[in-house]
Structure formats: C-alpha cells, structure tokens
Amino acid sequence: MDVWVKLNASTTGKDKIFRLVQYLSRLVWHNLESRKNLRDTVARLKILESTFSTFRKLLRLGKSLEVLHGALRTLHLHDVVLRVTLTLSRIHQFLFLLADHIIWVGRAGLWDINRDKWTRISNKFWLGSIILNLLRDAYEVLVVMKRRMRYPASPVGPCVYEGAPVVKDVCRAVPVLRPVVAFAEEHRDVFWDCIKNLCDLWIPLANLGHAKLSPGTVGFLGSVSSMAGLVAVLDPLAKLAPA
C-alpha cells in the first residue's frame with residue numbers, strides 16, 4: 001500500500017503505472033491474437049491500450065513547458081558533456097511533447113490534424129531525446145570505469161553480495177555476469193537509466209519503420225522500460241541526477 005500511495009502521489013508515478021499497463025496490454029493482445037476464440041478479449045485489450053495512451057497524453061498536457069524550463073537549468077552545468085547532452089535532450093523532449101499535445105488535440109476531436117504526420121514528428125524527436133540520453137549514460141559509465149581504474153577496489157570472493165542469496169547464485173552460475181551485477185548494485189542510477197533508454201530506443205525506431213519489431217516485442221520492451229522507470233521513482237538512489 002505504501003508503494004501505491006507513493007506512486008499515486010506524483011504525476012510521474014502515475015504516468016509510469018499507466019505506461020506499464022499500456023505496453024502490457026499490447027504484449028498480451030499480440031500473444032492472444034492468433035487464437036480465434038479470444039478475438040473479443042484481443043479487441044478489449046487494444047481498446048485498453050489506446051485508452052491509456054490517450055490518457056497519458058492528457059496527463060502530460062503542459063509538461064512541455066516544464067521540460068523547456070528544465071533545459072534552461074541544465075545550461076549552467078559545469079560538466080560540458082552533461083550540459084550538452086542534457087540540454088539538447090530536453091529540447092528534443094520539449095518538441096516531442098509539443099507534438100504529443102497536438103496529437104491529443106486531434107484525438108479529442110478539437111482540431112482536424114494529420115495524425116500520421118504528427119505521430120511521425122513526435123517519434124523523431126522522441127528518438128533524438130533517447131539517443132542523447134544514451135550518450136549521457138555512456139559518459140556516466142565511462143566516468144565510473146575511470147574512477148575504478150584510478151581507485152581499484154579490493155579483491156572480492158566468489159560473490160560480492162553474501163547477503164543476497166539470489167544474486168549470489170547468479171554470480172556463481174554465470175561468473176561473467178558478476179561485474180554487471182556488481183555495477184548494478186553499486187551504481188543503480190546509471191544501470192536502470194541505461195536499461196530504460198536501451199529498451200525505449202527500439203520503440204520509436206519501430207514506429208518510424210527503421211526496425212521491424214512485432215507488437216509483442218514492442219510491448220515487452222515498453223513494459224521493461226516502464227518498470228525501470230518505476231524503480232527510479234520508488235528508489236531515490238536509482239534515479240540518475242541531474243535528470
């Protein structure tokens with residue numbers, strides 16, 4: 001209940017929950033689509049996906065100005081790489097959300113628009129924002145690696161986390177995953193941001209026709225990305241800053 005209250009108390013938390021439901025709906029209806037006796041269920045799930053997609057657009061109305069204002073703050077960051085990537089990313093996100101607002105106006109029947117055109121514009125700016133975020137993630141990983149080379153950690157045993165049985169079993173079963181697990185625990189913010197952006201990357205690529213992905217695959221990637229976003233909302237140490 002505490003988790004629900006925390007998520008429901010913020011617009012970002014609500015958006016992540018609705019986004020998870022939206023992409024899970026796509027994942028499920030695609031897997032059920034081949035079954036003729038479940039056509040009604042598939043149709044309902046498609047309506048559910050579309051409803052949550054439209055509702056999320058309504059929930060984000062006006063957020064474009066908030067993002068643009070955030071770009072003014074990142075202009076004063078001391079780190080040049082962060083300043084450039086974050087500022088350009090926010091500008092792209094502002095334009096993505098602006099196009100998203102126009103799409104919602106069209107869906108609501110308030111203005112006759114070319115939905116395909118504006119959807120394509122929206123996806124282009126979304127893709128640009130994600131690429132810039134991934135460049136920032138790569139830079140953050142590079143900084144961590146350089147820090148480790150400068151201040152090497154003490155040798156670890158068979159598993160670096162004796163207090164976590166599941167993680168310990170994974171370490172022992174697949175030794176090559178040990179550094180990945182260690183990085184995920186020590187730098188949760190960078191790890192979850194990378195997961196979110198890597199999964200999100202393929203969605204606009206698929207929407208723009210640059211990658212051939214099934215609706216089920218897009219639903220899976222969107223679900224994973226949404227869960228990574230929820231982790232960042234629930235765990236302050238998993239949120240990459242400055243964001």
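This is a predicted model: local features need pLDDT of at least 70, side-chain atom pairs count only at pLDDT 80 or more; totals for chains, interfaces and linings use all residues.
The secondary structure comes to ten helices and zero strands, so that, read along the sequence, the pattern is α-α-α-α-α-α-α-α-α-α. If you colour by accessibility, buried residues make up 39% of the 243 residues, while the protein exposes about 14,300 Å², with carbon and sulfur atoms supplying 64% of that area. Among contacts between residues at least 6 apart in sequence, 68% join residues at least 24 apart.

Next, select residues 115–150, which form helix H6, together with residues 178–186, which form helix H8. These two helices pack at an angle of about 105°, and their axes are 13 Å apart. Because angles of 65 to 115 degrees count as roughly perpendicular, H6 and H8 are described as roughly perpendicular to each other. To see the contact itself, show side chains for Val-141, Val-144, Met-145 and Arg-148 on H6, and for Ala-182, Phe-183 and Glu-186 on H8.

Now turn to helix H5, residues 80–107, and pick out Val-84 within this helix. Is Val-84 buried, partly exposed or exposed? Its relative accessibility is 41%, and since buried means under 20% and exposed means over 50%, Val-84 counts as partly exposed.

Notes: Residues are numbered from 1 along each chain as its sequence is written. Side-chain values use heavy atoms; hydrogens and water are left out. Helices (H or I, at least four residues) and strands (E, at least two) are DSSP runs, numbered from the N terminus. Buried means under 20% relative accessible area, exposed over 50%, partly exposed in between (1.4 Å probe, protein chains only). Axes are lines fitted to C-alpha atoms, for helices over the stretch in contact, and angles run from 0 to 180 degrees between N-to-C directions. Angles under 35 degrees count as roughly parallel, over 145 as roughly antiparallel, 65 to 115 as roughly perpendicular and the rest as oblique. Contact means heavy atoms within 4.5 Å. Accessible areas come from the Shrake-Rupley method with a 1.4 Å probe; for residues, only the protein chains shown count as cover.
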